[in-house]
Amino acid sequence: MVVDKQPMDGADRLAQEFVQFAVDAGVLRFGEFKTKAGRMSPYFFNAGLFDDGAKMARLAEFYAKAILASGMEFDMVFGPAYKGIPLAATVAVELARAGKNVPFAYNRKEAKDHGEGGTLVGAPLKGRVLIIDDVMSAGTAARESIAIIKAAGAQPHAVAIALDRQEMATENGQDVSHSAVQYVRNQLGMKVCAIAKLADLLLYLEQQGGNAGREHHERVLAYRQRYGVEDKE
């Protein structure tokens with residue numbers, strides 16, 4: 001049976017290009033990996049492996065394109081320590097290249113007691129703040145960033161992440177019916193932009209073909225059927 005392929009829009013193409021990039025970079029891997037929630041996941045996304053200048057530059061380009069395409073309005077970007085720090089800096093550079101020059105800031109885990117002191121570095125937090133992070137597992141990092149931003153008198157407005165796993169969050173060790181992204185979007189009232197989602201990864205695997213592609217697709221699909229959430233966006 002021949003399946004007609006629907007034409008992709010810009011966001012879909014960007015997502016597929018990003019998944020391919022993450023696989024090529026060794027950042028997105030397939031196998032058996034234990035998540036923070038204690039689940040055995042058939043795939044693992046480790047943004048820490050975007051570990052050289054060329055990869056970071058391309059990653060920042062993907063973030064900037066997804067952010068600008070989303071239409072989100074914001075006045076500055078914020079990177080939560082630690083992975084969010086290089087992300088915020090490089091994304092700010094790429095946004096400037098694309099014509100949107102905004103300030104950026106990040107936090108330290110430990111307060112500095114000399115020099116300028118404090119836990120915040122970079123531009124003063126003000127206006128509508130876009131938080132840049134890699135993934136969102138439980139929403140804990142987002143809540144910590146929100147508290148920092150609010151304490152500075154600014155507005156935590158939106159979050160940009162690389163991959164939305166589209167799976168149930170856990171609360172007190174129990175699975176809940178919503179994902180961390182849905183919690184941030186629906187309960188905290190913030191916009192969330194993801195370069196790619198688990199659905200995009202499944203489409204990528206489906207199009208790969210071959211025994212390996214089919215096997216990975218089956219395992220990832222089974223994982224989504226067990227732990228996935230309904231995308232209500």
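Q: How much space lies in the largest cavity?
A: The largest cavity holds about 70 Å³ of space. A cavity here is a set of points on a 1 Å grid over the protein atoms alone where a 1.4 Å probe fits but cannot get out; points are joined across faces, edges and corners, and the volume is the space filled by probe spheres set on them. This is a predicted model, in which local features need pLDDT of at least 70, side-chain atom pairs count only at pLDDT 80 or more, and totals for chains, interfaces and linings use all residues. Residues are numbered from 1 along each chain as its sequence is written, and side-chain values use heavy atoms, with hydrogens and water left out.

Q: Which residues are closest to the centre of that cavity?
A: Ten residues line the largest cavity (lining means an atom within 4 Å of a point), and Asp164, Gln166, Ser179, Gln182 and Asp231 are the closest to its centre. Helix H5 (residues 180-187) gives the largest share of the lining, three residues. Helices (H or I, at least four residues) and strands (E, at least two) are DSSP runs, numbered from the N terminus.

Q: Gln166 again: is it buried or exposed?
A: Gln166 is buried, with a relative accessible area of 4%; buried means under 20% and exposed over 50%, with partly exposed in between (1.4 Å probe, protein chains only). Gln166 is in the loop between E7 and strand E8 (170-171), and has a positive phi of about 50 degrees although it is not a glycine.

Q: And Asn172, buried or exposed?
A: Asn172 is exposed, at a relative accessible area of 81%. Its phi is also positive, near 55 degrees, and Asn172 lies in the loop between E8 and strand E9 (174-175).

Q: Changing topic, at what angle do H1 and H6 pack?
A: Helix H1 (residues 10-24) and helix H6 (residues 198-208) pack at about 75 degrees, with their axes 9 Å apart. Axes are lines fitted to C-alpha atoms, for helices over the stretch in contact, and angles run from 0 to 180 degrees between N-to-C directions. H1 is therefore roughly perpendicular to H6, a label for angles of 65 to 115 degrees.

Q: Which residues make the contact?
A: With contact meaning heavy atoms within 4.5 Å, H1 contributes Ala15, Gln16, Val19, Gln20 and Val23, while H6 contributes Asp200, Leu201, Leu203, Tyr204, Gln207 and Gln208.

Q: What follows just after H6?
A: Gly209 follows, with a positive phi of about 70 degrees.

Definitions and conventions:
1 Å grid on protein atoms, 1.4 Å probe; cavity = no way out; pocket = protein on both sides within 12 Å on 5 of 7 lines; lining within 4 Å. Parallel < 35°, antiparallel > 145°, perpendicular 65-115°, else oblique.
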